[in-house]
Amino acid sequence: MAKKRDRQAASNRRKNQVVSSDQHDIVGDSSSDRRLITIFVVFFVISPAISVLVYFKYASNGEISGAPAYDPGLFKTDINYQEILAEHSNVAENASRRRYDYPVLAYITPWNSRGYDMAKKFNSKFTHLSPVWYDLKSHGSSLVLEGRHNADQGWISELRLTGDALVLPRVVIEAFPTDLLRKKKLKDKAIDLIVTECKEMGYDGIVLESWSRWAAHGILHDPDLRTLALQFINQLGNALHSELESRRSKQRLQLVYVIGPPHSENLQKHDFGPQDFHSLNGAVDGFSLMTYDFSSPQNPGPNAPLNWIRSTLRLVLGTKDNRLVQHNAGKIFLGINFYGYDFSLSGGGGAITGRDYVSLLEKYKPMVQWEKNSAEHYFLYEDDNHKRHAVFYPSLKSIFTRLEEARSLGTGISIWEIGQGLDYFFDLL
C-alpha cells in the first residue's frame, strides 16, 4: 500500500464521486461489458447534486494545454498498456534539467526506500525535499520529539554534493492539543525542540503537519483554541526565521505548513480557509495543499479531478477571480499524487505504487482509458476471483496537465511521494 500519507480523514472526504457522463467511453459492446456499465455507472456516475457542485462549480472553460516540445510520444489520451510497460523506466539523459521554474516540494518516506534513490537521482528537479521522519508527542507532563533514528545524514550529505534542494523533514504534531496550545511552557518547549533539532542536524527548516489532528480533536471548532493554534504556528515560524541555516549565512530556516482540502462545497468550521491563510502568511514560507485522495475505497473514483483541484485552491484562497488566485497562490504547493488506487467494484480496495501498477498491467493487459472530466487515466480488470476492479493511476498526460495547471494558477507543486511514481514521471518536472 502507498502508506496512506497519514490520510485519516481521506476515507470520509467524498461521499459521492463523478467520473464520466459517457458510459460508452468506458467499456465495449459485449454482454459482460454491458453489465459492467451498470456497475460502473452506479459506483462512478450517479451522485447527488452536491457532489456535482463541488466537482464543477469553479471549473474553468479553458482547454488543457498541449504536449511540450519534449513530447516522447506518450503525451496523449489514447495510451495503451504496451507503451507504458516499454517506456516507464526510460528517462532523459540530462536528469538535471528543470522544465518549470516554480518550487517543487517532494516527500520521501522511510517505508519506501526507493524515494531516497529518486531524490538523489533527480536532485536538481526539486527545490524542497521533505523526508517523513518526526513526531512531536506528549510524554507525561512534557513533550518529546521522536524520529531522529530515521534521519539519514549520509543521504543528506550526498544530496548537498549534487544539488541545492532544501531539506525540510516533516514533523507531525501528535501531542495532546489542548495542553500544548493552552500551556505556555509546553508551547515554548515544542518550539525549542523543533528549532534545536534543525540546528543540531543541519536542516533547512521543517514541514509541519497538525491541522488534521487538531480538527479530529475538535480544537478548530473552538474560536479561542483556533486562535491559539494559529498563534503557535506563527510563533514557530518566527522562531525558525530568527535562526540562520548553517550552510547559508543569509538563509533563514523555513516553515512549510500542510493543509488538507475542504470536504464540501462550502468551508466547514474545521476547514483551513482564507482567514487562516492570511493569518499565517507572514510566518509560513509555503503551504502544502493536499489536493489528492478525492476518492476512497468506500467511494471509488478519480484521485484528483482537475476541476476539484481548481475549486479547492479557490476555496482556500477565498476567491473565484483568477487574477486574485494568481496573486495570492505563490506560497501554495499544489499537491500531486505519484500513487494510485485499485478499487474493487464490489467494495474495498487500496492505494498502489508504480510497482503495483506495472504488475497489474503485465498480468491483465487491460485497455487503458482516459476519463476527460477528471483528466485521469484508468483501466478495468477482472481478478482471479472474478471480481471487477477499476484502477486509477497517474500517467504522463495527467501529470503534465496538473503541472501546467500549477503554472497557470501561479503555484508550486508538492508530490506525495516520489518513491511511488514511475521513473519517466520525473522527466516532466
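The tour starts with the whole chain and then moves to its salt bridges.

**Whole chain.** Keep in mind that you are looking at a predicted model. Colour by secondary structure and you can follow 14 helices and 15 strands. Of the 429 residues, 58% are buried. Taking contacts between residues at least 6 apart in sequence, 76% join residues at least 24 apart.

**Salt bridges.** Side chains of opposite charge can pair when their charged atoms come close. The whole structure holds 21 salt bridges.

**Stop one.** Select glutamate 174 and arginine 213, a salt bridge whose closest N and O atoms are 3.6 Å apart. This pair links distant parts of the chain, 39 residues apart: glutamate 174 sits in the loop between strand S5 (170-173) and helix H6 (177-182), while arginine 213 belongs to helix H8 (residues 211-216). Is arginine 213 buried or exposed? Arginine 213 counts as buried because its relative accessibility is 7%, under the 20% cut-off. Glutamate 174 is partly exposed, at 35%.

**Stop two.** Go to lysine 76 and glutamate 83, whose side chains meet in a salt bridge at 2.9 Å, N to O. Lysine 76 is partly exposed, with a relative accessible area of 26%.

**Stop three.** Finish at arginine 323 and aspartate 321, a salt bridge at 3.5 Å, N to O. Arginine 323 is exposed, at 65% relative accessible area, whereas aspartate 321 is partly exposed, at 27%.

Notes:
Residues are numbered from 1 along each chain as its sequence is written. This is a predicted model: local features need pLDDT of at least 70, side-chain atom pairs count only at pLDDT 80 or more; totals for chains, interfaces and linings use all residues. Side-chain values use heavy atoms; hydrogens and water are left out. Helices (H or I, at least four residues) and strands (E, at least two) are DSSP runs, numbered from the N terminus. Buried means under 20% relative accessible area, exposed over 50%, partly exposed in between (1.4 Å probe, protein chains only). Contact means heavy atoms within 4.5 Å. A salt bridge is a side-chain nitrogen of Lys or Arg within 4 Å of a carboxyl oxygen of Asp or Glu.
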